[in-house]
Structure formats: structure tokens, C-alpha cells
Amino acid sequence: MGVAADHSSKQASVSAMLAKRVSVPAARARRLIVMGSTGSIGVNTLKVVEHLNTIAADDTSKIKVVGLAAGRSAQMLIDQAKRFGVQAVAIADASQAETLRQALPGVTVYAGPDASLELVEQSDATDVTAAIVGSAGLPGTLAAIRKGLTIGLANKETLVAAGPLVTPLVRSCGARVIPVDSEHSAIFQCLNDYARLRSGEAIKRVVLTASGGPFRTVDKQTMDNATVEQALDHPTWDMGPKITIDSSTMMNKALEIIEAHWLFGLPADKIEVIIHPQSMVHSFVEFADNSVLAQLGPPDMKTPIQYALSYPARPTGCSEAMDWTTLSTLVFEQPDHDKFGSLKLAYKVIRAGGTAGAIFNAANEAAVAAFLEKKIRFGRIVELVAEALDGLEPRAVDSLETVMGADRQARAFVEQRIEGA
Ligand SMILES: NC(=O)c1ccc[n+]([C@@H]2O[C@H](COP(=O)([O-])OP(=O)(O)OC[C@H]3O[C@@H](n4cnc5c(N)ncnc54)[C@H](OP(=O)(O)O)[C@@H]3O)[C@@H](O)[C@H]2O)c1
């Protein structure tokens, strides 16, 4: 009884300590552009900004949102622009430009396929959250890198398609890339104190966790004939449609293997995947001395988004907290590489190098779009990507045009295969 009483009072004081708000420390004034503000990551980023500004120590440490970019959701973009009082917005769908101009007097409106690129180039932003889906996010992200900005990178397709271009550019332009993808945020956090060891032998391997998606327990034949509705029904994460389909094919994990290769400079044989259906352990790093560091938390993207926005500080979070009273076991399984052929393709892409990443990414984007339009069955997605990798010769990457050329070629390849079927 006495012990219990002692324990609970100790717990109460620990809880009181934990409940104390840790505010964002005073820092340089930050001006943020959110690219893809109307999507799942974009909306959560704006929620995190509002939260961080509420707990900021003073006005100079508040984040000022200066620009927003979207694809075609004009009304949502207008609402966000008014709420945050932004100076400029960008929309890819040029037919919406006039609606935006009328609704947002005094706000600069960029419209058309290069709108997000122009927004970044013309702005005085210090930070960018890159959350446009697909290779459409590449030009704006490259512009932010060229300007030496701090980039919270959610748009993994940028690194997959253009890793050979992006990595040296980040270094030469003095930009800083902080991963938002929960797995890469986890690895980034585990490696933080070991930054100088990254390229050495100290890291035995990194292990990316994967939920396994909605088809983890069904046989391959059932999975290959799954409907769009079944494939969009993700068991743990609430995300945009493209990444949700990528999770069900495990293409998302394949993209993340390639993303980890470029972000952390790791060879293919040091990057592994393990299935962890609870999505609580977001990834881990195994060191040469057999020590393993992992990062845990409930599946809530606001945690890695906030980490990228407040790095290296750790102010009080607004995401779901871990409930240790209900968590009793952590489950891990080996992935089935024959059922999920996408994983093998990722290693093939890393070894091939050059434009193989751009071909892989674009073929997948085209195949996912065709599946969502119900033009192909689920099993064809990975088959089409494999056929594009076999059918198209990768070239050395020397420019954005080379990357975009490979991207166009792969999309055309997949479309021809679908039409010819
Ligand atoms: N969601 C997650 O939990 C999660 C986790 C890790 C990584 N990611 C990555 O984050 C990125 C975004 O994912 P999401 O789930 O947030 O996707 P989403 O909900 O589909 O949102 C995509 C965003 O991109 C915008 N967009 C699409 N095409 C565009 C274009 N051509 N120009 C400008 N903006 C364009 C969309 O605008 P409209 O809606 O206005 O068309 C929307 O704002 C992806 O690369 C994904 O892999 C997501």
C-alpha cells in the first residue's frame, strides 16, 4: 500500500513535469511556404504551425506562413490563405487563377504547372515544407534547395526520381533537408548524435518498419484482384490516395528504401524492411556494436512534421501521445518478398542508378493513377513498374531535364502497355 502510494505520488510529480509546456525557444524569424497545403501532410503541417505559434516564447519565434501551393483545391487554398494571411499562393490548375485573384485581393497568385516553382523562387521564405504528391513536387523542392532553404521533406518522390541531382545540390547550396516521412524522421533522430559516423562502419544497418498495409494477411491471388476501395482501406495511417495505394502494394516501402539510400548515404545492403503492423516503432538503426536505437510513437504524422519544423528543439507536441497502459506487445514479421515484388525492385533501382529512380517512380505514379481510374487490376501496378524498369535503359543524371525526360518516357511506356492490353 505504502509503496503504491509512493509510486503514485512520484508518478503525479513526473506527470506534472511532463505536463509543463515546453515552448518553442526564441529563434530567427522563420517564413514558411507549405507546398501541397491542401493535402493530408499540408493540412497537418498547418495544424502544427498553429500549435507551435500558440506556445511560442515570443513573437519572433513564431512561424509566419508566407506562401501556400496546391494542385486544384481552390476553395480550400483560399480558406487557408485567409486564415494565415499569406502573401502569395500557387495553384497548378490554371483555370482556377481568376477565382483565387478575386477571392484574395492583394495576394500574389501564381498559376499553371510551374506555379509552385515560381512561388518559391519569388518568395523571401526561409523554410519550405515539401508535401506535393509525386514528381510534380520536384521543381519547387529543387528551387528551395538552390536557394539554400531549410526543407521539411515529405515528398519522397523527389529523392527517388532525382537523388543523384538533389544530394550534391543540397551540399553545394547549403540547404538543409529534414525528413518528414515517419520512418526517415525516426532514423534521422536515431542518427542525430552519430552524424559524423554516418558514412563509416558504425552503422550495421537501418531497418524501415512497414505496417504491411491492408493485404498483409491475404494470399497473393486475392490481393492481385483487390478493389480500389479495399486498397484504400489502410489499417493504421490516414493518408492521401496515392501513398495509400503505395502502402498496399508496398511500393511506399520500396520508395522509402531508395529515399533512405539518398538521405543517409547508405548502400542497398544496409537498408532492410520489417513488418510491424502496429506502426508504433517508426524505424530503427542497428550499430556495429549490436546496439539498436529506435524511435516510437503512435501513428500520427504531426509528430515528425513538428520535429522537422522545430528541429533541433523539442517543444510540447500536439500529436497523439503513447499510451503505455494499453501497449503490451510489439509485433514484428519478416516481409514476403515474393508476394510484395515491389521491395526487390527498390534494390534493383539503387544498383542500376542514374535515371532508374525516375523511371521507377513515374511508372508507379502512372500505374497507380490507372488503378484508381479502374483501368487495371491491382496486381498490374507492380508488374507494370517492373516492365518499365526492364524495358527502359537508365541514363546518367546530369540535369533536371534528363530526370523529367525519363519520367515522361516511363509514363508513356506504362500508358502504351495499358492501351495495348
Ligand atoms: N500522408 C502521409 O501520411 C504521408 C506520410 C509520409 C510521406 N508522405 C508523402 O507526402 C507527400 C504528400 O502526401 P499526402 O498524403 O499529403 O498527399 P495528398 O493528400 O494527396 O496531397 C497532395 C498535395 O499535393 C498537391 N498537388 C498535387 N499535384 C500538384 C501539382 N501539380 N502542383 C502543386 N500541388 C499539387 C495537392 O493539391 P490538391 O489537393 O489541391 O490537388 C495536395 O495539396 C507524398 O509525397 C507522400 O508520399 C505522406
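In this predicted model, an open sheet is built from 4 strands arranged in the order β9-β8-β10-β11, with mixed pairing. The edges are taken by β9 (271–275) and β11 (292–296); each has a single partner strand, so one side of each is left without a neighbour in the sheet. Averaged over the sheet and with direction ignored, neighbouring strands are turned by 20° against each other.

Strand β8 (residues 203–210) and β9 run parallel and are joined by 5 bridges. Within this pair, Val 207 stands opposite Glu 272 in β9.

Turning to helix packing, helix α5 (residues 115–122) meets helix α6 (residues 138–146), their axes coming within 7 Å and crossing at roughly 15°. Since angles under 35 degrees count as roughly parallel, this crossing angle makes α5 roughly parallel to α6. The handedness of the crossing can be given as well: α5 passes α6 in a right-handed sense.

The residues that bring these two helices together can be named on either side. From α5 come Ser 116, Leu 117, Val 120 and Glu 121, and these meet Pro 139, Gly 140, Ala 143 and Ala 144 in α6.

Methods
Residues numbered from 1 in each chain as written. Predicted model: local features only at pLDDT ≥ 70, side-chain atom pairs only at ≥ 80, totals over all residues. Axes fitted to C-alpha atoms, helices over the stretch in contact; angles between N-to-C directions. Parallel < 35°, antiparallel > 145°, perpendicular 65-115°, else oblique. Left-handed = near helix turned anticlockwise from the far one by under 90°. Contact = placed C-beta atoms within 7 Å. Pairing = 2+ DSSP bridges.
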